[in-house]
Every structure is written in structure tokens, then in C-alpha cells.
Amino acid sequence: MATQIGADGVAVGLVLSALVILPIVGVFLWLDRWKRGRPRLLLSAFAWGGSVAAFCAIWSQEGAQTLVDTTMGEDVGAWVRPLVITPVTEEVFKGLFLVWLLIYRRRQLVGLLDGIVFAGLVGAGFSFTENILYLGRTVTAFAASDTSDVNSIAVLAISLLLRLVMVPFMHPFLVAVFGLGIAAAANTRRRGLRIGLPLAGLIVAITLHGAWDWAGLAGPDPYLIYKIYGGVMVPLFLAMAILALVLRHRRGRTIAAALPALARDGHIAPDEVAPLAKLGERRRWRRTARRRAGRVAARATGRYQAEASALGIRTTRDQASGNRNGLDDQARATADARADMLEALGAPDARRLASSV
């Protein structure tokens, strides 16, 4: 990256990109507060988007562009790249992390909200790296030009508008479309849907990405990209945001309603029902654990709260569908997390206490 835009470009792009992306990351972590996915897994999602997905997409696009230019001509290649090459490579490489989750970490996808959260973090990581490159290039090019020139100022302003306001939301949204398909597939027993739902999500994401890039070509209408953004992307962003808020609210209600049954069945202690039912009480519980036994105990408490939440969600869902897929595994994970919490808090014979609630 530094070889393309220089060290100064990287530094400027890094600061500007971080100012935009960090709040977006905070939003996705806030959406996940009821279940609190494992920090390393959430970090891995962001890191995948910002490293493997971003750089593999860039390298594969260059190779594919060269192939198209050679075989079809540069005039055709000028249209093929934004309409086909870029959307396919970027959405596929971003989505591979979600496919990995579906295959190897399916238990982390207990609902549609998890698909949005993990996908959003992948997209945020991708946008973070991409913006470093584009913003660094734009700012350094402006600094090397006549900074009093109106055209140079206009180019800088348009680039900042695109990269700081419009694009950072596009990548998380597009991957979230695929994430919905992945999360839905993780919670169905029908083989056809396990393949069809993710595939449908990926196709929709690629199509929307292609429409966005096509609008960027402008053609006879230089304002087309803003019309597409305002008329198509913004309504879809808002729809996804509303869906995420509704899912978060329902998740909280579902977990709180399931806790008494979990206590009755011996999965959690009866006196843990009340503190698990409210986010504020959970936060105070973790703070108390940290004061008593340090950060390790606080992290263990947070993990137990997350596993108990996941068990509550699965229990409610399985009661409605009659499907116990993953329920026993989740119950064991909850018991193990409680034992780890008690052990971190210094409880004697933590394993026996955890199994006798």
C-alpha cells in the first residue's frame, strides 16, 4: 500500500478512515450486546475484511482486468470491471469469512442478527483498508497540485464525500445482505435452503454492488451516482437498519422470556435470572466480577452471559419449530462457560457447582 501512495498518504488515509469506521464498528458491537459474540471472532471478522478480503480482491481484480483487456479490448474492459469483476471479487472474498462461520462456527449464528453483525464487521474492515488507499491517494494528489485551483478543490471535496460519507456504509450493508442468507441457512434443516439462501444473498449483494459501480461510471448523467445512492441505496440502508433494530429488540425480549425456563431446567441458577434479563444488570455484574477477581473473571462472566443468551434464543426457537438442532451443544457450552466463570471468581469446586444449579 505504501508503495502506491507513499508513507504520508498511508498516514493521512489511516486517520481519515479510522474517524469514519470506528463509529460504524461501535454500532455493530452495540447491536451484539445481548449475545456478545466472542471478541476474538468479532475481531477476526474485521481483520478478514481489512486484510485478506481487501488485498485478495485488489490483486484478483488486476489480474482479471488484464485478461479482459487482452481478450476483449480495453473499451469492453472499462465496463466489465465495474459491472462484473469488482462486484464479484469483492463480495465473494468478503463473504468467505461468513461461509467459514457457517461451516465451522455455526453455533455462533443463532439468529439473523448475528449474520448482520459479523457481516457488517467484515464490510467495515474492507472499507477501512480501501479508504486508506483511496483517501491517501486523493489527498496526496491534491497536495501535489495547485491547491488554489477550483477543479482540484472540487475533486477533493467529491472524493471526501464519497469516501467519508457514502462508501463506508455501502460495504457493511452489502455484506450484511449476504450475512442474512448465511444466518438463515445456519438455522434451517432443509438442505436446499442451506445452499439457496446464501447464494441468493450473494447474488443480491453482487447485483447491488454492480448497480452502484455502474452509477459511478456516470455516462451522460454526472449526477447518476447520487441519484442511485439517494433513490436506491439510502432506502435499503434504512430498511437494513430498521431490521437490525427490530431484531435486537426481539432478541432482548426473547432472552428475558426464556430465562425462567432455563433456571427451571437447571441451566442457570435461579438468582441469575434477574441480572441476565437486563443489559444494565449484566454490565454491573461484569464490573463486580472485575473488581473482585480481575479482567479474566469479567471476560469469563461476559462469555457466560453470551452463552446463556444463545441458549435462551435456541430454546425458544426450538420450542416453536420442534427442532433441537444444536440445543444440546449449546447447553453444554453454557455449562462450561458457567464453570469457567465460577472458577475465575475463585469458587471452590467450580465444575460441580456449575453442574448442580
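A residue counts as buried when its relative accessible area is under 20%, as exposed when that area is over 50%, and as partly exposed in between (1.4 Å probe, protein chains only). By this criterion, 47% of the 357 residues of the protein chain are buried. The model is predicted, so local features need pLDDT of at least 70 and side-chain atom pairs count only at pLDDT 80 or more, whereas totals for chains, interfaces and linings use all residues. Residues are numbered from 1 along each chain as its sequence is written, and side-chain values use heavy atoms, with hydrogens and water left out.

**The whole chain**

Please begin with the entire protein chain, coloured by secondary structure. The chain has twelve helices and zero strands; helices (H or I, at least four residues) and strands (E, at least two) are DSSP runs, numbered from the N terminus. Of the contacts in the chain with a separation of 6 or more, 73% join residues 24 or more positions apart, a contact being heavy atoms within 4.5 Å.

**Helices H2 and H3**

Next, select residues 39-72, which form helix H2, and residues 74-104, which form helix H3. The two pack at an angle of about 150°, and their axes lie 8 Å apart. Axes are lines fitted to C-alpha atoms, for helices over the stretch in contact, and angles run from 0 to 180 degrees between N-to-C directions. H2 is therefore roughly antiparallel to H3, a term for angles over 145 degrees. The contact of H2 with H3 comprises 18 nonpolar, seven polar and six charged residues.

**The largest nonpolar core**

Now select Phe-97, Leu-98, Ile-116, Phe-118 and Trp-212, the residues with the most contacts inside the largest nonpolar core, which has 53 residues. Such a core is a set of buried Ala, Val, Leu, Ile, Met, Phe, Trp, Tyr and Cys residues joined through side-chain atoms within 4.5 Å. Helix H5 gives the most to this core, with 13 residues. Centre the view on Phe-97: not counting residues up to four places away in sequence, Phe-97 touches Leu-41, Ser-44, Ala-45, Trp-48, Phe-118 and Val-122.

A second, separate core has 25 residues. To locate this second core, select Trp-34, Leu-262, Leu-279 and Leu-342, which are among its members.

**Thr-301**

Finally, move to helix H10 (residues 295-321) and select Thr-301 within this helix. Is Thr-301 buried or exposed? Thr-301 counts as buried, because its relative accessibility is 0%. Neighbours within four places in sequence aside, Thr-301 is in contact with Trp-285, Arg-286, Ala-289 and Met-341.

Terms used: Parallel < 35°, antiparallel > 145°, perpendicular 65-115°, else oblique. Nonpolar A, V, L, I, M, F, W, Y, C, P; charged D, E, K, R; others polar.
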